[in-house]
Amino acid sequence: MAVAHTKTQPPRPREGLLLPRPALLGRVRRMLDEQRVLLIAAPAGYGKTALLTQALEDQPAGTAVAWVALDEGDDLGRLLDCLFTALEPHDPPWRTAPEGLRDAALRGGAELTAAADAMLNALEACEVERGLIVLDDLHHLVDAAALAFLDRWLARMGWRWRLVLATRHEPALRLARLRAAGELADLGPADLALAEDESARLAAAAGLDAQAAGELHRRCQGWPAGLRLALGMGARPVLPAAMPAAIDRVAFDFLAAEVLDRLEPELRGFLLRSSVLFELDEARCRALGETGPVAAWLAEIERRALFVTVVDLAPLTIRLHQLFRDMLRQRLHRDEPLLRQQLLARAAELEADPVRRQGLLLMAGRPERAAALLLADGPLLMNQIGAQGLLDLVGRFEPGFADASPELQRVQALALWTMWEAERAEFHLGRAEALFAARGDRAGLRIARAHRSILLIAQGRLAEAAALMGDMDPFAAEAGGELRRILLLARCWHALETCRFDAVAPLFEAQLAELLKTPTIESWYAGSPAPRQIACRDMAAPMERWFRGALQVVGERPLPLGVNACLAQGWNLFWQGRLTEAAGLLARAEADAAWCGRLVVARNHGLALRAMLDLVAGRLEPALAQMQQRLAEHVPGFGRWALWHSLYACTRMAAACGDRAALDEGLARLVREGAQLPDLMQPHRREPLAGLLAQQAWLAGRRDEALAHWRVLLAEGEGADLLGQRAEARLRLAAALLAGGEREAAAEVLAPALAGHDPGGLLWAVPLLRELAARDWGDLLEPAALTRLRGWAEGLAPGPVSAAAVADELLSPREAEVLAQIAAGASNKHIARALDLSPHTVKRHVANILDKLGLSSRGEAAAWWRDRQASTRPGTLA
């Protein structure tokens, strides 16, 4: 999560620096025992954070605490990031990854509600007896979605966890019901104000007599900050005349300025300069440029209680109260504006939190630097704060600057493309192109142009994309690593969409060579291959290498790239006829996708792969239903081009299942949609629907018409080989010819489909494959081709074997399930998520499996599983 760790670090009490308030602490203790929610609402300087610091120390042993300090501009995404970080030490048993929950919540509506409920369920399942979630400075949270999230929590949170809200004013939350039900406790200014005896104790400690202490208390009206700052002025504090009616920013600034002016010049200068930092520790201050006795100054600031909160002790780290920090920054701006700008820019370079860093740069008057960093970190931030979070950061720039910044135009395109808004993303890349050109930035122009070509391809605007790529050669010396990767990806996609299917694998090989030089999640994720690409000729070997490389980049992290990798390799194994392994990887990908949250592409590709596995297993009704569900879930932002291909795959499935009604309906829709796509007809594909028309005619009993369509399709060569269509057409045409007694013609048509190592497109018609494998071909087919055909037919079992079917009598059913996951390459964490077990339980099962089978490693166990599985199947594939 991309937040400063100090935002989730509870303040640290320091003995002797906080006034003991036992009566007030006793009230807080009772409130937290008897109510679910504690609301502390009072103006600045009433000691809300100080009270909570003492209250946390007063909690029973074993109380879990999750602290979140909110800042100006924080929204739902930032709130969730902070909550996940603060709760992490207490090991909530998340059923979906925190990143996935955050992304779901940011989509709003029912998904926000579901994410809030999922978080509450995890909190209730935590192994803690009692917990406190503290939201400090809640007044900063004005985001409507964040408030809706908290309303859901307030309505549904159980009694194991208490929610503490500290704010300067009552938040816009639905609190009336909680108050009426006696589930909410309130503390306001009257409760937090210092009593006269408490003021007297503080005044006496500062050397004031009883009369002066009484006068001070009367003038301050028990306002802790006013009293503390007045005492910091010395024995004769000067207070503003309107003090009782001015407990606000004006009064604070007056008192704080008086205190500041009475400090030693060196300490005062240090405070002014370091006010650009959100938290102060020795390392940060020295990196800012301080050369004096920083540690001593920090200790002195803490000793004097100059309106600071201690957030850590080793090293000593303090946070200035926002009012005090703002006053210091204003003074610095007034006295040394140039130095302030320099210090803000330097502080930004030290800040790891992207939101804080951007705010510092904008305050420093450095929007160009902020935009450049946002673009450079954009792919990484996508993993941390999501697409909407990235767009929100762009929204913090002045509109005029954002419109004129090519960097911010590219950032918006990146976020929108991830949200499947291809047309809007392409618009922003077009703006970026024009702006880079006007600036004379040739490198930026070429990268924007290459990116835009990919978005044009995704929309089916293939001629425009080709013109845009123009003479940009990915192998030219001037093409750097980033541009080369983007251009190779664009050319690979362009070859795929223009039906130059035989060119896809060589381009993917070149793309893979570049990826191997850049082992970053962002680069590999962008290069994730799609099922149509994986079905192309000669893709099996490079796909295997891509899969291994992707897993190496992902490591043990549950990331969307890992899901994509398992799905892509599942498709690769499927086209090779290795169905059980493909099913295992699909199951692993689905389990990981459930953990990661809503992954649109994974859902899309996974439904299609499951449908194909059902088709091969003869489960025709669920196969077609899966494809129809995939089509129904088409994301509008994908555009008409992607819709046409989803509709094509669904109609192809209807044809394979023999569903005439669905086939007729699909063909009619394909014609209508195709009319809106001028680039659908390509020189390599003049008849994109020939295969479907052939099957339509065949199912209607129009044999000659069907044969004519299949021959037209085969005459088109590689351009007809969408999703292995050529091999399927050869199989169907050969079967039709054989049924008509034309054995030699059938063999001539079928032979090219048997020349490769894998069944590929033949898997669309497995019953025909088995039928032709059983025929006596004499010497019409080469012996090797016939052996391959029969090996494929024998190896295609009805479906994946269940874990229980091959479980040895030594193993329990659960142990067999764990062993199946091990054989699929799943780690203990993956197994725990897939089978709803704790990691500890998984480890115990693994140990039992190895002991019972007399094996010494997971690899040996996986090999045992595969051997036993093979022995229970009717045959294996060649």
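Reader: What does Trp-644 touch, leaving out residues up to four places away in sequence?

Author: Trp-644 touches Leu-670, Glu-673, Gly-674, Leu-677, Leu-680, Arg-685, Pro-688 and Leu-689, with neighbours up to four places away in sequence not counted. Contact here means heavy atoms within 4.5 Å. A quick word on ground rules: this is a predicted model, where local features need pLDDT of at least 70 and side-chain atom pairs count only at pLDDT 80 or more, while totals for chains, interfaces and linings use all residues. Residues are numbered from 1 along each chain as its sequence is written, and side-chain values use heavy atoms, with hydrogens and water left out.

Reader: What makes Trp-644 count as buried?

Author: Its relative accessibility is 1%, so Trp-644 counts as buried; the cut-offs are under 20% relative accessible area for buried, over 50% for exposed and partly exposed in between, with a 1.4 Å probe and protein chains only. Trp-644 sits in helix α34 (residues 639–657). Trp-644 and Gly-674 are 30 residues apart in sequence but 7.0 Å apart in space, C-alpha to C-alpha.

Reader: And what makes Glu-744 exposed?

Author: Glu-744 has 62% relative accessibility, so it counts as exposed. Glu-744 is in helix α39 (residues 743–750); helices are DSSP runs of H or I with at least four residues, strands are runs of E with at least two, and both are numbered from the N terminus. Between Glu-744 and Leu-780 there are 6.6 Å in space, C-alpha to C-alpha, and 36 residues in sequence.

Reader: Why are α31 and α32 called roughly antiparallel?

Author: The axes of α31 (residues 579–596) and α32 (residues 600–616) cross at roughly 150° and come within 11 Å. Axes are lines fitted to C-alpha atoms, for helices over the stretch in contact, and angles run from 0 to 180 degrees between N-to-C directions. Under 35 degrees is roughly parallel, over 145 roughly antiparallel, 65 to 115 roughly perpendicular, and the rest oblique. So α31 and α32 are roughly antiparallel to each other.

Reader: Which residues make that contact?

Author: From α31 you have Leu-579, Ala-582, Ala-583, Leu-586 and Glu-590, and from α32 Gly-606, Leu-609, Arg-610, Leu-613 and Val-616. By class, the contact of α31 with α32 has 7 nonpolar, 1 polar and 2 charged residues. Nonpolar covers Ala, Val, Leu, Ile, Met, Phe, Trp, Tyr, Cys and Pro, charged covers Asp, Glu, Lys and Arg, and the others, Gly among them, are polar.

Reader: How do you know that the length of α38 agrees with its residue count?

Author: The expected span is 1.5 Å times one less than the number of residues. Helix α38 (residues 725–739) has 15 residues, so it should span 21 Å, and its end C-alpha atoms are 21 Å apart, which agrees. In α38, 13 of the 15 residues are buried. Just after α38, Gly-741 takes a positive phi of about 85°.

Reader: Why is Ser-275 called buried?

Author: Its relative accessible area is 0%, so Ser-275 is buried. Ser-275 lies in the loop between α13 (265–274) and α14 (282–288), and touches Leu-320, Arg-325, Leu-328, Arg-329 and Leu-332, not counting residues up to four places away in sequence. Buried residues of α16 include Arg-325, Leu-328, Arg-329 and Leu-332.

Reader: What makes Trp-420 buried?

Author: At 18% relative accessibility, Trp-420 counts as buried. Trp-420 also has a positive phi of about 65° although it is not a glycine.
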